[in-house]
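Please find below my notes on the model you sent for comment. They are set out as numbered points.

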Amino acid sequence: MRAAVARVLHENATPARLGWSVGLGVFIACTPLYGLQTLLALGAAWLLRLNRVATLTAAQITMPPLAPLFIFGAVQIGAWLLHGRFLVIGLADFRGPGAVALGRSLLGAWVLGGVVLGAALGALLGLATAGVVRARRRDGGAALLAAAQRRAAARYAGAPP
């Protein structure tokens with residue numbers, strides 16, 4: 001069992017492939033395909049021979065506490081691209097019988113904005129992931145670990161036992 005878990009965790013785990021895996025997961029997370037994101041992330045990672053664990057983990061960036069922020073950002077980006085202006089909407093607009101109609105009218109902006117936001121965030125986080133993995137592997141991560149241990153120890157240096 002441990003060998004199987006280790007194999008899944010380390011499959012296609014070069015810095016570049018991990019970067020692509022994270023970028024793809026974030027891109028899929030920003031699309032309005034809630035309910036299908038997990039299947040899409042796993043399927044796309046398998047097809048593209050990327051790290052499935054990294055892709056699936058990155059696809060969780062839009063979990064419920066953050067989902068409204070991502071949706072709002074995607075809708076605003078889409079509205080700006082489609083109409084040249086941001087939307088002026090409030091929480092009250094999503095209450096009552098007009099909420100469904102408002103949601104339908106914002107779907108196009110959400111799709112377009114989700115693609116743009118997902119591509120931008122995916123590229124940024126994917127590049128950052130590849131850079132961090134590359135840097136950690138270059139020195140074996142020993143320098144980063146030692147620095148983190150020194151910072152943690154310094155916080156508690158004067159604390160009583």
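This is a predicted model: local features need pLDDT of at least 70, side-chain atom pairs count only at pLDDT 80 or more; totals for chains, interfaces and linings use all residues.

Residues are numbered from 1 along each chain as its sequence is written, and side-chain values use heavy atoms, with hydrogens and water left out.

1. The axes of helix 2 (residues 15–29) and helix 3 (residues 37–47) come within 10 Å and cross at roughly 150°, which makes helix 2 roughly antiparallel to helix 3 (angles over 145 degrees count as such). Helices here are DSSP runs of H or I with at least four residues, numbered from the N terminus.

2. In this pair, Leu24, Ile28 and Ala29 of helix 2 meet Gln37, Leu40, Ala41, Ala44 and Ala45 of helix 3, contact meaning heavy atoms within 4.5 Å. By class, the contact of helix 2 with helix 3 has seven nonpolar, one polar and no charged residues.

3. Thr62, in the loop between helix 4 (52–58) and helix 5 (67–83), is buried, with a relative accessible area of 5% (buried means under 20%, with a 1.4 Å probe and protein chains only). A polar atom of the Thr62 side chain lies 3.3 Å from the backbone oxygen of Ala29, and among the residues that Thr62 touches are Ala29 and Gln37.

4. Asn51, in the loop between helix 3 and helix 4, counts as buried at 1% relative accessibility. The Asn51 side chain reaches the backbone oxygen of Glu11 at 2.8 Å, and the contacts of Asn51 include Leu18, Ser21 and Ala45.

Methods. Helices (H or I, at least four residues) and strands (E, at least two) are DSSP runs, numbered from the N terminus. Buried means under 20% relative accessible area, exposed over 50%, partly exposed in between (1.4 Å probe, protein chains only). A polar contact is a pair of N or O atoms within 3.5 Å; within protein, one must be able to donate a hydrogen and the other to accept it, and residues adjacent in sequence count only if both atoms are side-chain atoms. Axes are lines fitted to C-alpha atoms, for helices over the stretch in contact, and angles run from 0 to 180 degrees between N-to-C directions. Angles under 35 degrees count as roughly parallel, over 145 as roughly antiparallel, 65 to 115 as roughly perpendicular and the rest as oblique. Ala, Val, Leu, Ile, Met, Phe, Trp, Tyr, Cys and Pro count as nonpolar, Asp, Glu, Lys and Arg as charged, and the others, Gly among them, as polar. Lists of a residue's contacts leave out its neighbours within four places in sequence.
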